[in-house]
Amino acid sequence: MLHRPEAFEPLTDAPWDSDDVRASIRGIVTDTDRALRGRRLLWRAHEWDSWQATSPVKNLYCGAAGVIWALDALGRRGHAESALDLGDLAIANLELSRKRPDYMRGIELPDPRESSLCFGETGILLVAWRLAPSTERADALLACLRGNVSNEADELMWGTPGTLLAARAMLDWTGEERWESAWRESAEALWSRRNPSGEWIQRLHGHETRYLGPAHGLTGNVLALLQGGALIDTARRDALENDTAKVLAGSAFVEDGLANWPPLERSELPAPDGQIRLQWCHGAPGIVTSAASYLDEELLLAGAELIWRAGPHGMEKGGGLCHGTAGNGYALLEAFDRTGDELWLERARRFAVHALEQVVRARTELGRGRYSLFTGDIGAALFAADCLDSRTAFPILDSFDW
């Protein structure tokens, strides 16, 4: 068995209608605007997003920084204009995060935790600089990047790969040599910790592991390096793509033309907790989405076909990016991008309609929206916008731009 059927639900019968989808995106933005509790209170966090942490949540992954970035992205792309002063909110969010950071209590966190792209100050600073540039914020961001060079986590959310993405974004936006220098310094450090077999060890929360997926493992590290573009030489690019493709081929579980991957390299498909994950952070959706440029096409399509046949996630995980329907849908967009076959675009759009319906259902059950980029409503809106535009650009990982 490659997935748990009981974790998924039947796909909606509602057809793709671009006007309805645009209206749904605007509705999510309007609800997000209205839910702001004030410059110092921001958005009320969902209990899962604020677990063992401080509310309101400020970080890029499931806090205000990610919401602010997404609202700006949707506006710049012409999908929905926020009525909020996003630059002012980004500055207030940074100030509040310095007084009351989000770090989870009672859990061993990678050092330096403030340099984390997704949970620390790096992501918050990057959004604040983008919307309200200043020398002070740029200097503070550079210090965060350079402070993370020796981080032992070696994964995207906490470690050097995440700060690689931030350095690349700042280089693109400013053209300043110091960001290229920071990128190269981080890339050399990450490369030096790569095993001869082409993998990295993740040292997270007191454990050593070898994850495969984009959030915490191999394909996220490779993607961060490949996003360097011309900054990475051809020999290293070829080694990254060829070696990683071999690891992924050796770790895949294939049955009847369908494929899934375990969270850990060359492990059994059910995780130690008995779960079989089929989501962006662990499993075929994340592998297909993050490794689409070099993954064997037969495996890529086998993974995408499993995602389609499994259907949308149930409401336990909902419509979001990291664990939910929108994140799985990005793999279908990647299959479209790789093959040019519009069947995959049609399938991705059906997932988008379902994810938007799940946003409405969850809001009705909870009595309010979920204000988070990776786990909430705005992530589903971004996926729907990419389906409208017939493009694939997974938020943050593929581009900080719009």
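1. In this note, helices and strands are DSSP runs numbered from the N terminus, a strand having at least two residues. On that basis, Asp256 lies in the loop between strand E3 (253–255) and strand E4 (258–260). The structure under comment is a predicted model.

2. Backbone at Asp256. Asp256 is not a glycine, yet its phi is positive, at about 50°. Asp256 counts as exposed, because its relative accessibility is 76% and the cut-off for exposed is over 50%.

3. Backbone at Gln52. Another residue other than glycine with a positive phi is Gln52, where the value is near 60°. Gln52 belongs to the loop between H1 and H2. Its relative accessible area is 32%, so Gln52 is partly exposed. As background to both points, most residues other than glycine have a negative phi.

4. Cis peptide bonds. The loop between H1 and helix H2 (64–76) also holds Pro56. The peptide bond leading from Ser55 to Pro56 is cis, its omega being near 5°. A cis bond is likewise found from Asp111 to Pro112, with omega near 5°. Pro112 sits in the loop between helix H3 (86–99) and helix H4 (121–131). In general, most peptide bonds are trans.

5. Cysteines. The model has zero disulfides under the rule that two cysteine sulfur atoms must lie within 2.5 Å. Cys281 takes part in no disulfide, and the nearest cysteine sulfur to it, that of Cys322, is 3.9 Å away.

6. Second largest pocket: extent and lining. This pocket has a volume of about 210 Å³. Which elements give two or more residues to its lining? They are helix H1 (18–35) and helix H13 (342–366). H13 gives the most, with six residues.

7. Second largest pocket: residues. The lining comprises 14 residues, and those nearest the centre of the pocket are Asp20, Ser24, Val353, Leu356 and Glu357. By class, the lining of the second largest pocket divides into eight nonpolar, two polar and four charged residues.

Conventions:
Residues are numbered from 1 along each chain as its sequence is written. This is a predicted model: local features need pLDDT of at least 70, side-chain atom pairs count only at pLDDT 80 or more; totals for chains, interfaces and linings use all residues. Side-chain values use heavy atoms; hydrogens and water are left out. On a 1 Å grid over the protein atoms alone, a cavity is a set of points where a 1.4 Å probe fits but cannot get out, and a pocket is an open set with protein on both sides within 12 Å along at least five of seven lines; lining residues have an atom within 4 Å of a point. Grid points are joined across faces, edges and corners, and a volume is the space filled by probe spheres set on the points. Helices (H or I, at least four residues) and strands (E, at least two) are DSSP runs, numbered from the N terminus. Ala, Val, Leu, Ile, Met, Phe, Trp, Tyr, Cys and Pro count as nonpolar, Asp, Glu, Lys and Arg as charged, and the others, Gly among them, as polar. Buried means under 20% relative accessible area, exposed over 50%, partly exposed in between (1.4 Å probe, protein chains only).
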